[in-house]
Amino acid sequence: LNLAFVEGTDPNGDIVDDESEDPTKVPGQDPDDPTTIVVLDQNPRISLTKEGFFNDENGDEQTQAGETITYTFVATNAGNIVLYNVTVTEMEFTGSGATPVVTFVSSTLGSPEGTLLVGESAIYTATYTIVADDIRRGSIYNQAIAEGQTNGGIIVAGISDDPNDLNDLDTNNVGYPNDPTVVELDGCEIRMNNGISPNDDGFNDYLHIRGLGCYATNSIEVF
């Protein structure tokens, strides 16, 4: 909204003034209202990225039940209007264990949880505990959704994209890249050390075979 005022002195020394009037009116504006109104198009939009990182807690380079995956979500206000009631939730999750709980961490411009200023990003995390069925499948497929709304009640949503997947596929036919987040689990590969010395010196006293838990039927032959 805008209204201007002009004032001056005529040749006779009298003060004259006038206020601005916009000859074009917006729909619904009073014809007698002199205010200049410029209508700005609102383009609300939200985007979401999601990364998954396997935590090899025991450092053996294989996946065991009880180890974890850390997910990091970044929701960004990619539109031109402030968003409120912003949430991030799991949409598709193939893990056989308990679905991870998404937790707000911080925002780049200091907004509280649920609010995103224009251009602002909010960071969320979630931790998933791996179970044996996940290892047998060999990977966990995951996708999330971010939602928010304008102060006028317009609801927007964005399906997550894995920033490490450069295919940039539109797997959900929504008009923008939304590659799912896939974490590979290497726990069913059979690995066995090639030496054993059962002399109780603390080194190679036992024959370790990793990965057998993935196979219900197995046998061991020693030559």
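I call a residue buried under 20% relative accessible area, exposed over 50% and partly exposed in between, using a 1.4 Å probe and protein chains only. By that rule Asp-134, at 0% relative accessibility, is buried.

**Ground rules**

I am working with a predicted model, so I keep in mind that local features need pLDDT of at least 70 and side-chain atom pairs count only at pLDDT 80 or more, while totals for chains, interfaces and linings use all residues. Residues are numbered from 1 along each chain as its sequence is written, and side-chain values use heavy atoms, with hydrogens and water left out.

**Entry: the sheet**

For elements I took DSSP runs numbered from the N terminus: helices are H or I with at least four residues, strands are E with at least two. Two strands pair if DSSP finds at least two bridges between them. I looked up the open sheet and found 4 strands in the order β3-β4-β7-β6, with antiparallel pairing. At the edges sit β3 (46-55) and β6 (103-107), each pairing on one side only. On average, neighbouring strands of this sheet are turned by 20 degrees against each other, direction ignored; the axes are lines fitted to C-alpha atoms, for helices over the stretch in contact, and angles run from 0 to 180 degrees between N-to-C directions.

Next I followed β3 to β4 (residues 68-77): these two pair in the antiparallel sense over 10 bridges. Phe-53 stands opposite Thr-70 in β4.

**Entry: the rings**

I count Phe, Tyr and Trp rings (Trp by its six-membered ring) as a pair if their centres lie within 6.5 Å; planes under 30 degrees apart are stacked, over 60 edge-to-face, and the rest tilted. My search of the whole structure gave 3 aromatic pairs.

I noted Tyr-124 as buried, at 3% relative accessibility. Ring pairs also join Tyr-71, Phe-93 and Tyr-128 into a cluster.

**Entry: Lys-50**

Where does Lys-50 lie relative to Tyr-71? I found Lys-50 over the face of the Tyr-71 ring, 4.6 Å from the ring centre; the test is NZ of Lys or CZ of Arg within 6 Å of the centre and within 35 degrees of the ring normal.

I then checked salt bridges (a side-chain nitrogen of Lys or Arg within 4 Å of a carboxyl oxygen of Asp or Glu). The structure holds 3 of them. In one, Lys-50 joins Glu-90, with the closest N and O atoms 2.7 Å apart. Lys-50 is in β3 and Glu-90 in β5, so the bridge ties together parts 40 residues apart in sequence. Both residues are buried.

**Entry: helix α1**

In α1 (residues 132-137), Asp-133 and Arg-136 lie 3 residues apart, about one turn of the helix. Their salt bridge has its closest N and O atoms at 2.5 Å. Asp-133, at 37% relative accessibility, is partly exposed, and Arg-136 is too, at 43%.

Asp-134 and Arg-137 form a salt bridge as well, with closest N and O atoms 2.9 Å apart. Asp-134 is buried, whereas Arg-137 is partly exposed at 44%.
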